[in-house]
Amino acid sequence: YFGVWTSNVDFADPDGPDLEWDTYIGWSHDINDQWNVDLSLVNYSYFGDRNDYGNIDYFEGIGKFTWNEMLTLTLAYSPDYANLDYSSFYANIGGTWEIGHDFSLNAGIGHSNFSDDVVGYTDWNIGISRAFGPATLALNYYDTDIDFDADAEHHHASDEFVFSISFG
């Protein structure tokens, strides 16, 4: 498979990018009736950056192992995270469970580690979704344990509710 994903972004820096554009290629295979493996390579590209913000584009390799179409372990590695001269490793466990009337509940927790003594962080999410033919509507809550410091040079993350529509 291959595809494109895009979203607006706000890194709380007036010189930062405004758009994330990801291209990916991957391979998915059912090992048996209960297990699936999915391997992909993603290129994260950012547009709209100005002045001295710099290039933060990077590649990441991702492996996902799914059990019974409801529980997924994700492992990801980037040799040069955000073009910052250090590597990253990410691990996440998450799932999706049908709760009736075509609604699904999803939740996950993950942790990012970085080389060169860069401090890692934990992220989590919970949400609900419903499919309407080829479209799926979802409302999710995302958060991290990163301290949000309004006075910091670069803000990293804050909790957010995200409404999305996906097709496919």
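Leaving aside neighbours within four places in sequence, which residues is Tyr 44 in contact with? Glu 20, Trp 21, Asp 22, Asp 57, Tyr 58, Glu 60 and Ile 62. Contact means heavy atoms within 4.5 Å.

The views below show a predicted model, where local features need pLDDT of at least 70, side-chain atom pairs count only at pLDDT 80 or more, and totals for chains, interfaces and linings use all residues. Residues are numbered from 1 along each chain as its sequence is written, and side-chain values use heavy atoms, with hydrogens and water left out.

**View 1. The protein chain as a whole.** The secondary structure comes to zero helices and ten strands. Along the sequence the pattern reads β-β-β-β-β-β-β-β-β-β. Helices (H or I, at least four residues) and strands (E, at least two) are DSSP runs, numbered from the N terminus. The C-alpha atoms fill a box of roughly 50 × 30 × 25 Å along the principal axes. Of the 168 residues, 32% count as buried. Buried means under 20% relative accessible area, exposed over 50%, and partly exposed in between (1.4 Å probe, protein chains only). The accessible surface comes to about 11,100 Å². Carbon and sulfur atoms hold 58% of that surface. Accessible areas come from the Shrake-Rupley method with a 1.4 Å probe; for residues, only the protein chains shown count as cover. Among contacts between residues at least 6 apart in sequence, 33% join residues at least 24 apart.

**View 2. The largest nonpolar core.** Ten residues form this core: Val 9, Val 42, Tyr 44, Tyr 46, Ile 56, Tyr 58, Ile 62, Ala 76, Ala 82 and Tyr 90. Strand E3 (35-47) and strand E4 (58-67) each supply at least two of its residues. E3 gives the most, with three residues. A nonpolar core is a set of buried Ala, Val, Leu, Ile, Met, Phe, Trp, Tyr and Cys residues joined through side-chain atoms within 4.5 Å. Val 42 is a member of the core. Beyond its neighbours within four places in sequence, Val 42 is in contact with Asp 22, Thr 23, Tyr 24, Tyr 58, Phe 59, Glu 60 and Ile 62.

**View 3. Tyr 44 in strand E3.** Tyr 44 sits in strand E3. Its relative accessible area is 12%, so Tyr 44 is buried. The Tyr 44 side chain makes a polar contact with the side chain of Glu 60 (2.5 Å). A polar contact is a pair of N or O atoms within 3.5 Å; within protein, one must be able to donate a hydrogen and the other to accept it, and residues adjacent in sequence count only if both atoms are side-chain atoms. Ser 112 lies 68 residues from Tyr 44 along the chain, and their C-alpha atoms are separated by 17 Å.

View 4. The structure holds one salt bridge. It joins the side chains of Arg 130 and Asp 102 (3.5 Å, N to O). The pair links distant parts of the chain, 28 residues apart: Arg 130 is in strand E8 (residues 121-132), and Asp 102 is in the loop between strand E6 (88-100) and strand E7 (103-114). A salt bridge is a side-chain nitrogen of Lys or Arg within 4 Å of a carboxyl oxygen of Asp or Glu. Asp 102 is exposed, at 55% relative accessible area. Its phi is positive, about 65°, although Asp 102 is not a glycine. His 101 also belongs to the loop between E6 and E7. Phi of His 101 is near 55°, again positive in a residue other than glycine. Most residues other than glycine have a negative phi. His 101 is exposed, with a relative accessible area of 72%.

View 5. Asn 140 lies in strand E9. At 6% relative accessibility, Asn 140 counts as buried. Its side chain makes a polar contact with the side chain of Asn 106 (3.3 Å). Not counting residues up to four places away in sequence, Asn 140 touches Asn 106, Ile 126, Gly 127, Ile 128, Glu 160, Phe 161 and Val 162. Tyr 142 is also in strand E9 (residues 135-144). Tyr 142 is partly exposed, at 37% relative accessible area. The C-alpha atoms of Tyr 142 and Ile 126 are separated by 6.9 Å.
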